[in-house]
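Here is a short report on one protein chain. Look at the sequence and the structure first, then read on.

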Amino acid sequence: MEEYYSWGGRSNPDFYYKVNVPTLVPGMLDWCKNYQSGNPGRFYCHWVGRNNTDEYVEFQFETEAPSLMFALKFGVR
């Protein structure tokens, strides 16, 4: 799957399918980059931090299938 890149447009997309994880675990980004099934679309990884106790990582997916597989593999917050 391809990582989102703006090419000079909007730098942070708002894809419909989102999975929040409490922390970035080794292998998450590699899993996204290596996911190939049908038309996987693109993904975007966004760090969200409101304060030291409420931080998480939001993975956004352009299509539904990889978001479901990612949530099953790494868990949902």
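Which residues touch the most other members of the largest nonpolar core?

## The nonpolar core

The model is predicted. Its largest nonpolar core has 14 residues. Met1, Val19, Val21, Cys32, Phe59, Phe61 and Phe70 touch the most other members. At least two residues of this core come from each of β2 (17–21), α1, β3 (42–49), β4 (55–61) and α2 (64–74).

Take Cys32. Leaving out residues up to four places away in sequence, Cys32 touches Met1, Phe43, Phe59, Phe61 and Phe70.

The buried residues of α2 include Pro66, Ser67, Phe70 and Ala71. These four lie on the same side of α2, because they cover an arc of only 135 degrees around the axis. An α-helix has 3.6 residues a turn, so residues three or four places apart point the same way.

The buried residues of α2 pack against β2, α1 and β4. Leu72 and Lys73 are exposed, on the other side of α2.

After α2 comes Gly75. The phi of Gly75 is positive, near 85 degrees.

## Asp30 in α1

Helix α1 spans residues 28–34 and contains Asp30. Is Asp30 buried or partly exposed? Asp30 is partly exposed, because its relative accessible area is 47%. That value falls between the 20% limit for buried and the 50% limit for exposed.

Phe15 is 15 residues from Asp30 along the chain. The C-alpha atoms of Asp30 and Phe15 are separated by 19 Å.

Methods. Residues are numbered from 1 along each chain as its sequence is written. This is a predicted model: local features need pLDDT of at least 70, side-chain atom pairs count only at pLDDT 80 or more; totals for chains, interfaces and linings use all residues. Side-chain values use heavy atoms; hydrogens and water are left out. Buried means under 20% relative accessible area, exposed over 50%, partly exposed in between (1.4 Å probe, protein chains only). A nonpolar core is a set of buried Ala, Val, Leu, Ile, Met, Phe, Trp, Tyr and Cys residues joined through side-chain atoms within 4.5 Å. Contact means heavy atoms within 4.5 Å. The arc is that of the directions from the helix axis to the C-beta atoms.
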